[in-house]
Amino acid sequence: MKFRNFSIIAHVDHGKSTLADRILESLGAMGERDKRDQTLDTLELERERGITIKSTPVRLNYTRPDSSGHGGEEYVFNLIDTPGHVDFGYEVSRSLAACEGVLLLVDASQGVEAQTIVNAYLAIDSGLEIIPVINKIDLPAADPEGAAQEMEDVVGIPAEHAIFASGKTGVGVPEILEAIVERIPAPSGDPEGPLKALIFDSVYDAYQGVLLFVRVLEGRVSPKDKINLFSNGKNFDVERLGTFSPGLVVGKSLEAGEVGWIAAGIRDIVDAQVGDTITRTDFPTSEPFPGFKPAQPVVFSGLYPTDTEDYRKLREALERLKLNDAAFSFEPETSEALGFGFRCGFLGLLHAEIVQERLEREFDLDLIATAPAVIYRITLTNGEALVTQNPAQFPTRDRIELIEEPYIKMSVMLPEEHVGSVMQLLQERRGSMVTMNYIGRRVELIYQVPFAEILYDFHDRLKSISRGYASMDYEIIDYREGDLQKVDIYVNNEIVDALAVIVHESKAYGLGRKVVDKMAEVIPRQMWAVPVQAAIGGKIIARATVKAYRKDVLAKCYGGDISRKKKLLNKQKKGKARMKQIGTVEVPQEAFLAVLSTED
Ligand SMILES: Nc1nc2c(ncn2[C@@H]2O[C@H](COP(=O)(O)OP(=O)(O)OP(=O)(O)O)[C@@H](O)[C@H]2O)c(=O)[nH]1
């Protein structure tokens, strides 16, 4: 069988899913996508938010058009989808490692964006053949030639190699299929050699345990083989395996060049990490596929049930989610203010939001989330080293010798006219410029920025000052010393540990002010005035007051309509669901995220 393994990469919204659907449809796999959604339980959230978080590969049969009428050559295509967000950059690189080529999609009306470049370089680094596709050419604002030229200028792919297409109308799809055959190399690798297979994804299945999604690079694997995982040395017995069509199709073996799934009785997804290499214990390879990195959460936040009775339910829900997500971590923590909860680790902010939304939606939980934080490395005055991502657990200033924080390398693409204001924003975020590249009438800015500075409202600000035209991507590069301080928040003269934030010295006052003002705004008025204060090391730096006043919703009803009264009361009760009692004051969820509010 002749194989072609490829992936589609693009900036968010450049039309990856639409084009993939169109390719599936033209190869007679229409409706299959829905089927596979069900088979592998693709997240509802993914569909709603219109971004790809996790998807399964699809195997497609392609027959080349043949002028003689005898039927052309037959090929098997494996289309491996990649997640469409910066949080999942490592997963993208592993998915690409399973391919020989990619379709690099660029929206003809938008041109090259930050993730176009980052993805293109990931593909180049993996040694893949790139087929440039200028997509959405049906749009009135499309400038296909301009976009192709940008691709040449930025990524160095000749403009004349580009295929003009539209996932909407189907224009260009036949040319894309032919280009896949002609330009993407057939997989190499000796099926008779020792087994070497790369795990590029894994999912948990209630009946079969963890399913490994693999690309076999060398050798062959069959049911009953004993396989060995390189990263942890564990052995498992292959129970079943097969391909994606796109549902799971059971097969007899998988060999070099093929993409498929393996069920080997693995119960814990942590044993099946993306990027790991599998071999056979009876015919082992000596070298794993290079570049394995265990999934590492980089953003942390506390999750607490609003109703303390829900603690066990939350734990069970977290355990269930963890089954399917090796990158997500959690451990119990206790907060004086919030009670029993969990400290959870995520790959990024989007990942955090997704997990929280799933907990609330799929498990019917009401949660309080604390502000996200990064991992800090602290050296204490007594020489001890401490690593923490929890502001509540920061040692007092007098015990700290130095604090180091993670830095990212950020790339921002934007139209020339917004460069000034975006540079100013990056400056405010303690960024330092590395380079600035002109690409036609657009600019790529490369900056180094403390990671913590983009956790709060950075993306929203970037979008608003560039009128939506700027795009960004980033990766964590190293740790550097910073003048950081812990700002404590007091509500009604009681310290609320879960509200503490770590911030750069130069911003402590501004942040303290912002947080107390926002909190005073969102905490419902009480019978008495409630002070809200921000402090550093016990010294008050900002103060605001929640004025006394009892909100009487029933006053609006003129004593009449009873059902309307009931409705209002219910509404008020619901509104309370996401509140947490702190001392005598009810504090809403918004207050815990006051630090994230966008007004600077
Ligand atoms: N006019 C036009 N619109 C398109 C075309 N392809 C996609 N779109 C629209 O562009 C938007 C984004 O398309 P998607 O296919 O969801 O984008 P995506 O790249 O898969 O998004 P991610 O999964 O987040 O990366 C949708 O509103 C589509 O309807 C096209 O060829 N022409």
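Predicted model: local features only at pLDDT ≥ 70, side-chain atom pairs only at ≥ 80, totals over all residues.
Take helix H4 (residues 89-97) and helix H5 (residues 114-125): they pack at an angle of about 40°, and their axes are 9 Å apart. H4 and H5 are therefore oblique to each other. As for handedness, H4 passes H5 in a right-handed crossing.

## Who touches whom

Which residues make the contact between these helices? On the H4 side you'll find Val92, Ser93 and Leu96, and on the H5 side Asn119, Leu122 and Ala123. Sort the residues of this H4 and H5 contact by type and you get 4 nonpolar, 2 polar and no charged.

## The sheet

Now for the strands. There's an open sheet of 6 strands, with mixed pairing, and the order is S2-S3-S1-S4-S5-S6. Strand S2 (58-63) and strand S6 (163-164) stand at the edges with a single partner strand each, so one side of each has no neighbour in the sheet.

Let's zoom in on S2. It is joined by 6 bridges to strand S3 (residues 74-80), and the two run antiparallel. Thr63 stands opposite Glu74 in S3.

## Helices on the sheet

H5 shows up again here: it lies across strand S1 (3-10), strand S4 (101-107) and strand S5 (129-135), running at about 170° to S4. Helix H6 (residues 144-155) lies across S4, S5 and S6, and runs at about 150° to S5.

Methods
Residues numbered from 1 in each chain as written. Axes fitted to C-alpha atoms, helices over the stretch in contact; angles between N-to-C directions. Helix = DSSP H or I, 4+ residues; strand = E, 2+ residues; numbered from the N terminus. Parallel < 35°, antiparallel > 145°, perpendicular 65-115°, else oblique. Left-handed = near helix turned anticlockwise from the far one by under 90°. Contact = placed C-beta atoms within 7 Å. Nonpolar A, V, L, I, M, F, W, Y, C, P; charged D, E, K, R; others polar. Pairing = 2+ DSSP bridges.
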